[in-house]
Amino acid sequence: MVGTQELRPQVVPALTVAVCYYAGARLGLLRQIVVENVAVMPIWPPTGVAMAALLIFGLQCWPGIAVGALLAFLAINEPGPEMLGTVAGNLVAPVCAYLMLRRVGFRTDLSRLRDGLALVFLAALLAMVVSAVAGTLMLLTTDRLAASGFWPVCLAWWVGDAMGVLLVTPVLLSLYHARWPPRLGRWKEAVALALVACCVVPLAAYSFMSLLFLVHPLLIWSALRFQVAGSTLCALFTSVLVTITAADHVGSFVGLTPVEVVLKLQAFNGTMALTALLLSAVITEQQHTRRSVEQACQELAEVLEHLTMGDSVTGRRTSAQDIGGRRPEGR
């Protein structure tokens, strides 16, 4: 009984991560782009799920990531020798990212610019090279990919994993740190932003006139007013719609080759994710700095008021002693 109670806190997070990882994989498989006869996912949500799970639960959830990666692999491939290499790459990459983020003192609330930069450059761009290279090498060694297609497929794989970290991880971390029930002080503005996004984003995504730049004012609006939670949700919604149009070769992706589609899509997703994450991190850091300064000024004012009151009381006591100490002079 004691052993079961000690094991339960480790099993529950691992099972939760495995289920969420597999669910994210099923969502990521809904839209694929073929590069060099290999289907790649422009956004791979399980990587973002694994990154958020490690940042929230720690290394104890790594079995859940491994199980989820194994189930995701079996959902699209037959069991084979490349299975272990691909699963290992999908596990080692987020673990390396987690270790590097912990090394630099990463905060999961993304309240500082340095946290956003660390998530972008260490977790998304650097660590995801491991999974991309491992997965592409497995395709190459099993003769499912020609040697000439190694770099295009590796690049597409790497960007898909990086987009999972940049788009999914901040959303999950924001939900983890959100207050429940949420405050409804700005619910009217939030509803207005959601309605505008539901109108502007589909127009920009499905338009043949390359109107994707219209989403950037929405990102700025959401970052200024709702910080990380608002900007990352807006970026994720936009990225999903644009990815659907890219996979279906409609909108501004009509007439492009698969490689051109991947490059254009990932360039847009990357710049949008960077804008949303870094801008919201800067705004959040400035707000925290302002609140700290206001709190320090308030404490200083209270101390000065206390000292002033103490000096006045001391002055009155001294005056009273001087008056009481005087003796009437004789005639």
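The structure is a predicted model, in which local features need pLDDT of at least 70 and side-chain atom pairs count only at pLDDT 80 or more, while totals for chains, interfaces and linings use all residues. Residues are numbered from 1 along each chain as its sequence is written, and side-chain values use heavy atoms, with hydrogens and water left out.

The secondary structure comes to 11 helices and two strands, where helices (H or I, at least four residues) and strands (E, at least two) are DSSP runs numbered from the N terminus. Read from the N terminus on, the order of elements is α-β-β-α-α-α-α-α-α-α-α-α-α. The chain has 331 residues, of which 42% count as buried. Here, buried means under 20% relative accessible area, exposed means over 50%, and partly exposed is in between (1.4 Å probe, protein chains only).

Helix packing comes next, with helix 4 (residues 82–103) and helix 5 (residues 113–126) as the example. The axes of these two helices come within 9 Å and cross at roughly 155 degrees; axes are lines fitted to C-alpha atoms, for helices over the stretch in contact, and angles run from 0 to 180 degrees between N-to-C directions. Helix 4 and helix 5 are therefore roughly antiparallel to each other, on a scale where angles under 35 degrees count as roughly parallel, over 145 as roughly antiparallel, 65 to 115 as roughly perpendicular and the rest as oblique. The crossing of helix 4 and helix 5 is right-handed, a label used if the near helix is turned clockwise from the far one by less than a right angle, and left-handed if anticlockwise. The loop between helix 4 and helix 5 holds Leu110. The phi angle of Leu110 is near 55 degrees, a positive value in a residue other than glycine. Leu110 is also buried, with a relative accessible area of 1%.

Turning to charged pairs, the structure holds two salt bridges, each defined as a side-chain nitrogen of Lys or Arg within 4 Å of a carboxyl oxygen of Asp or Glu. One of them joins the side chains of Arg112 and Asp115, at 2.8 Å from N to O. Both ends of this pair are buried: Arg112 has 13% relative accessibility, and Asp115 has 1%. In the other salt bridge, Glu189 pairs with Arg225, and the closest N and O atoms are 2.9 Å apart. Glu189 lies in helix 9 (residues 187–206) and Arg225 in helix 10 (residues 215–248), so the pair ties together parts that are 36 residues apart in sequence. Arg225 is partly exposed, with a relative accessible area of 33%.

The surface also carries a nonpolar patch, formed by Tyr22, Val67, Leu70, Leu71 and Leu74, with about 370 Å² of accessible area together. Patches are made of residues with over 30% relative accessible area and no salt bridge, with like charges joined within 9 Å and nonpolar side chains (Val, Leu, Ile, Met, Phe, Trp, Tyr) within 5 Å. Accessible areas come from the Shrake-Rupley method with a 1.4 Å probe, and for residues only the protein chains shown count as cover. Helix 3 (residues 62–76) supplies the largest share of the patch, four residues. Leu70, which lies in helix 3, counts as partly exposed at 33% relative accessibility.

Ala204 is found in helix 9 and counts as buried at 0% relative accessibility. Ala204 and Leu214 are 10 residues apart along the chain, with their C-alpha atoms separated by 6.5 Å. Thr275, in helix 11 (residues 258–325), is partly exposed at 29% relative accessibility. The C-alpha atoms of Thr275 and Leu219 are separated by 7.6 Å, across 56 residues of sequence. Trp158, in helix 7 (residues 150–167), is partly exposed, with a relative accessible area of 24%. Trp158 and Met128 are 30 residues apart in sequence and 6.0 Å apart from C-alpha to C-alpha.

His249 lies in the loop between helix 10 and helix 11 and has a positive phi of about 55 degrees although His249 is not a glycine. His249 is partly exposed, with a relative accessible area of 36%.
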